[in-house]
Number of protein chains: 2
Amino acid sequence: MSLETVSSNLSFGGVQGVYRHASSATGTDMTFSVYVPPHAPGAKLPVVWYLSGLTCTHANVTEKGEYRRACAELGLIFVAPDTSPRGEGVADDPEGAYDFGLGAGFYVDATQPPFAQHYRMWSYVTEELPALVAEHFPVDMGAQAITGHSMGGHGALTIGLTFPDRFRSISAFAPIVAPGQVPWGRKALPGYLGDDKAAWRRHDAVALIEDGARVKELLVDQGEADGFLAEQLKPSLLVAACADAGIDLTLTMRPGYDHSYYFISTFMEDHLRWHAERLRG
Amino acid sequence: MSLETVSSNLSFGGVQGVYRHASSATGTDMTFSVYVPPHAPGAKLPVVWYLSGLTCTHANVTEKGEYRRACAELGLIFVAPDTSPRGEGVADDPEGAYDFGLGAGFYVDATQPPFAQHYRMWSYVTEELPALVAEHFPVDMGAQAITGHSMGGHGALTIGLTFPDRFRSISAFAPIVAPGQVPWGRKALPGYLGDDKAAWRRHDAVALIEDGARVKELLVDQGEADGFLAEQLKPSLLVAACADAGIDLTLTMRPGYDHSYYFISTFMEDHLRWHAERLRG
């Protein structure tokens, strides 16, 4: 699979790149970013996948996430995919809403027209992009972690819970923990997946845990001043599911913090250190 | 002087704000950002002024500068002004070029029509904004430092050299050290200041030093892969001027680094620690 380099910049001793490729999963060009920290020649490094939230591309975390310093210190590769297919012919929300369609792929493989044609973010993020990254970057695919923000936190949790043997650690910033129970998800899941409630549950972290998915532990940070907390994020549902399932959830509520990258960047280093401990273990 | 809060976000325990006010210096609304780190009630904190480069607003460094973590640790307030007046009726480069007019005020008080009406960035950054910041934020105006990038490095050097008693420390990232000798400056200085060569020299760090301006020391970082290095930045001219003047210049050339915020953010913490040592001294 070939890869076009959109940009490449030295930063904190490593290389922050942005890359584009023709995706067979989505049938579109896809753009993503990879930070490769300084490392010994021939070394293979652990990798942290970061899934972004509604309205974002790879660029938001790449510019505002403040992860490079910690990744350089800890020797972590950091990969940030886009949040939906893009380009001519890609269907969008009929009203152009921010929470469905472009920038809002919800990390599912859509089954409903017109979205089924290109919105295959689950296959893209769990199959095609890992193979591409493994081919082109010095990653140790035996040492993977996953995290994300908001809709990307939903993606990180659902993918992590679905592939417990692939990821040594799973965390999230202000995730949508139960899309089947909140307005964002009650729009997106039927929009992409139709009436198939079983499919909804496979893309809902709380439902996955209720249905038997198990991991040892989860790390979640949540701002208390997050305007989406009460209606869309509902971390208490994850607390209850993890308690019932015996999953060790570390949920830290952060007074005063909102839903923005000012929140994410503040706690990014904590998450990366937590992942690094588990990736090196 | 009144101040409108555009946004306010908790970050690294402090408050990252963006503010707008009606500027008497420029005759326009002006927007700037201030980060106030966590601090004891009633404390007055040292302040670092950061002047941005061509095409930038306050937002570039605020989003990409990665200064908050270090400012929170070191107890520094960080202020980032805009780079020109903005709004209806503000003259721009006739061809809309990026290196003159909007986003390119060069930190001078223009004397030439039509720019003289609003392009008064020297007065804005050295008089009006300091008074406004002193009134509204917990700053110790006896402990000020100044830095900046590219055109903003030019601003930091010329303002620092002009007010050696105001700033305890002066640094720059990839500054235009001698605008009178390079294309960017040979366009901007006559464009704003006309044929008054003496005025050009007051806005040229190397000329200021040649004409007798003195500070104890300067810190400059410069990427060796910076595409503007040879034609526009020419740090060797600053090296020569400082050597002749007995100014202790620490110029560090950084192999592989370019002109972007990937470079700036990498060395931001170094600069802030260097300033903090002098501000606390």
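Helices (H or I, at least four residues) and strands (E, at least two) are DSSP runs, numbered from the N terminus. In these terms, the largest share of the lining of the second largest pocket, three residues, comes from H10(B). This is a predicted model, in which local features need pLDDT of at least 70 and side-chain atom pairs count only at pLDDT 80 or more, while totals for chains, interfaces and linings use all residues. Residues are numbered from 1 along each chain as its sequence is written, chains are lettered from A and ligands numbered from 1 in the order in which they are written, and side-chain values use heavy atoms, with hydrogens and water left out.

**Pockets**

- A pocket is defined on a 1 Å grid over the protein atoms alone, as an open set of points where a 1.4 Å probe fits, with protein on both sides within 12 Å along at least five of seven lines; lining residues have an atom within 4 Å of a point.
- Grid points are joined across faces, edges and corners, and a volume is the space filled by probe spheres set on the points.
- The largest pocket holds about 340 Å³ of space.
- Its lining has 19 residues, and A:Cys56, A:His149, A:His259, A:Ser260 and A:Tyr261 are the closest to the centre.
- Two elements give two or more residues to the lining of the largest pocket, namely helix H10 (261-280) of chain A and helix H1 (58-64) of chain B; H10(A) provides the largest share, three residues.
- By class, this lining comprises seven nonpolar, eight polar and four charged residues, where Ala, Val, Leu, Ile, Met, Phe, Trp, Tyr, Cys and Pro count as nonpolar, Asp, Glu, Lys and Arg as charged, and the others, Gly among them, as polar.
- The second largest pocket has a volume of about 300 Å³.
- Of the 19 residues lining the second largest pocket, B:Cys56, B:His149, B:His259, B:Ser260 and B:Tyr261 lie nearest its centre.
- At least two residues of the lining of the second largest pocket come from each of helix H1 (58-64) of chain A, H1 of chain B and helix H10 (261-280) of chain B.
- The lining of the second largest pocket divides into seven nonpolar, nine polar and three charged residues.

**Salt bridges**

- Over all chains, the structure holds 34 salt bridges, each being a side-chain nitrogen of Lys or Arg within 4 Å of a carboxyl oxygen of Asp or Glu.
- One of them pairs A:Arg69 with B:Glu269 at 3.1 Å, N to O.
- This pair joins two chains, because A:Arg69 lies in helix H2 (residues 68-74) of chain A and B:Glu269 in helix H10 of chain B.
- A:Arg69 counts as partly exposed, at 22% relative accessibility, whereas B:Glu269 counts as buried at 17%; buried means under 20% relative accessible area, exposed over 50%, and partly exposed in between (1.4 Å probe, protein chains only).
- B:Arg273 forms a salt bridge with B:Glu73, with the closest N and O atoms 2.9 Å apart.
- Since B:Arg273 lies in helix H10 of chain B and B:Glu73 in helix H2 (residues 68-74) of chain B, the pair ties together parts that are 200 residues apart in sequence.
- Relative accessibility is 29% for B:Arg273, which is partly exposed, and 48% for B:Glu73, also partly exposed.
- A network of salt bridges links A:Arg69, A:Glu73, A:Glu269, A:Arg273, B:Arg69, B:Glu73, B:Glu269 and B:Arg273.
- The side chains of A:Arg254 and A:Asp221 also meet in a salt bridge, at 2.6 Å, N to O.
- A:Arg254 lies in strand E9 (residues 248-254) and A:Asp221 in strand E8 (residues 217-223) of chain A, so the bridge ties together parts that are 33 residues apart in sequence; both residues are buried.

**Helix H3 of chain B**

- Helix H3 (residues 121-136) of chain B has a kink of about 35° at B:Leu129, shortly before the proline B:Pro130; the bend at a residue is the angle between axes fitted to the seven residues ending there and the seven starting there.
- Its buried residues include B:Trp122, B:Tyr124, B:Glu128, B:Leu129 and B:Pro130.
- Among the elements covering the buried residues of H3(B) are strands E2 (14-22) and E6 (139-148) and helix H4 (151-162) of chain B.
- The C-alpha atoms of B:Tyr124 and B:Ser24 are separated by 8.3 Å, although the two are 100 residues apart along the chain.
- B:Ser24 lies in the loop between E2 and E3 of chain B and counts as exposed, at 65% relative accessibility.

**Strand E3 of chain A**

- A:Thr31 lies in strand E3 (residues 29-36) of chain A and is buried, with a relative accessible area of 19%.
- Leaving aside neighbours within four places in sequence, A:Thr31 is in contact (heavy atoms within 4.5 Å) with residues including A:Tyr19, A:Arg20, A:His58 and A:Asp82.
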